[in-house]
Amino acid sequence: MADMRLIVAGAGGRMGRTLTRVISETPGTVLAGALEAPGSELLGKDAGALAGVPANGVQLSADLWAMSANADGILDFTVPAATIANVAIAAQRGLVHVIGTTGLSASDDAVIKSVTSRAIVVKSGNMSLGVNLLAALVKRVAQSLDETFDIEILEMHHKAKIDAPSGTALMLGEAAAAGRQIALEKHSARGRDGLTGARRSGDIGFASLRGGTAAGDHSVIFAGPSERITLSHHAEDRVLFAHGALKAALWARGKQPGFYTMADVLGLGDI
């Protein structure tokens, strides 16, 4: 089979540059386009040179429609507004669309799912193998422990991250809620400050820390009478998310249009 031709959205950013580098190192994939926001000072720059690998002749451009004519998929770790704009074009072109963007609203998710009759979408709050295994474990533990065990989720990221809680923390919260058979939006406790009163039974709590260069630390704490169980994952380099995204893209190639997650990619759907 020919190499999978991939577009990197947000190619000038830290994650975009990492994706470009990992594509250059991954057999079976080739960079077909490098997308950047209109007006960016990086437009016209060579994507390879920006990523710290040999120049590849792929220049950063804001024209997704043009570059997608000769592509098989798009790797999208950008911002919600950009992802939603990209979804429409990816659907028209029939591309595999791997979405790692966080901070998406319920209405954004509805837009994404609305195109999956035509497009193959793989979306996850985190593309790493370890985090998705963690989510499966969280769901299983939440199924096993009753509400005498309170669930708290703690996450830390670098100081430049703009959304909180992280997409991964919310993914872990959804896994815990699924295990408890409750709706996360009705049982979510965030931003405690001041005289809050006692903790409401059944809530899933979130705490977000920001600082330094942390790539992503997540812990799910099950706090019961006289004991605590903590499940954790620590990301040391964002390259692990890039490897996961490429694994997702290659897995999705040739699949039927639809909405998929990393649990599907990793065969964790029955856990």
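**Val-121.** I started by listing what Val-121 touches, skipping its neighbours within four places in sequence: His-97, Ile-99, Ile-112, Val-115, Thr-116, Gly-258, Phe-259 and Tyr-260. Contact here means heavy atoms within 4.5 Å. Val-121 lies in strand β6, residues 120-123 (helices, H or I with at least four residues, and strands, E with at least two, are DSSP runs numbered from the N terminus). Is Val-121 buried or exposed? Its relative accessibility is 1%, so I put it down as buried (buried is under 20% relative accessible area, exposed over 50%, partly exposed in between, with a 1.4 Å probe and protein chains only). I also looked up His-97: its C-alpha is 4.8 Å from that of Val-121, though the two are 24 residues apart along the chain.

**A note on the source.** I'm working with a predicted model, where local features need pLDDT of at least 70 and side-chain atom pairs count only at pLDDT 80 or more, while totals for chains, interfaces and linings use all residues. Residues are numbered from 1 along each chain as its sequence is written, and side-chain values use heavy atoms, with hydrogens and water left out.

**Rings.** Next I searched the whole structure for aromatic pairs and got one. It joins Trp-251 and Tyr-260, with ring centres 5.3 Å apart and planes at 80°, so I call it edge-to-face. The rule for rings of Phe, Tyr and Trp (its six-membered ring) is centres within 6.5 Å; planes under 30 degrees apart are stacked, over 60 edge-to-face, and the rest tilted. Tyr-260 is buried at 17% relative accessible area, whereas Trp-251 is partly exposed at 22%.

**Charges over rings.** Phe-259 has the charged end of Lys-113 over its ring, 5.0 Å from the centre. I found Arg-190 over the face of Phe-206 too, at 5.4 Å from the ring centre. To count, NZ of Lys or CZ of Arg must be within 6 Å of the ring centre and within 35 degrees of the ring normal.

**Thr-168.** My last stop was Thr-168, in helix α7, residues 167-180. It counts as buried, because its relative accessibility is 4%. Which residues does Thr-168 contact, leaving aside its neighbours within four places in sequence? I noted Gly-125, Asn-126, Val-131 and His-218. With Asn-126, Thr-168 makes a side-chain to side-chain polar contact of 2.9 Å (a pair of N or O atoms within 3.5 Å; within protein, one must be able to donate a hydrogen and the other to accept it, and residues adjacent in sequence count only if both atoms are side-chain atoms).
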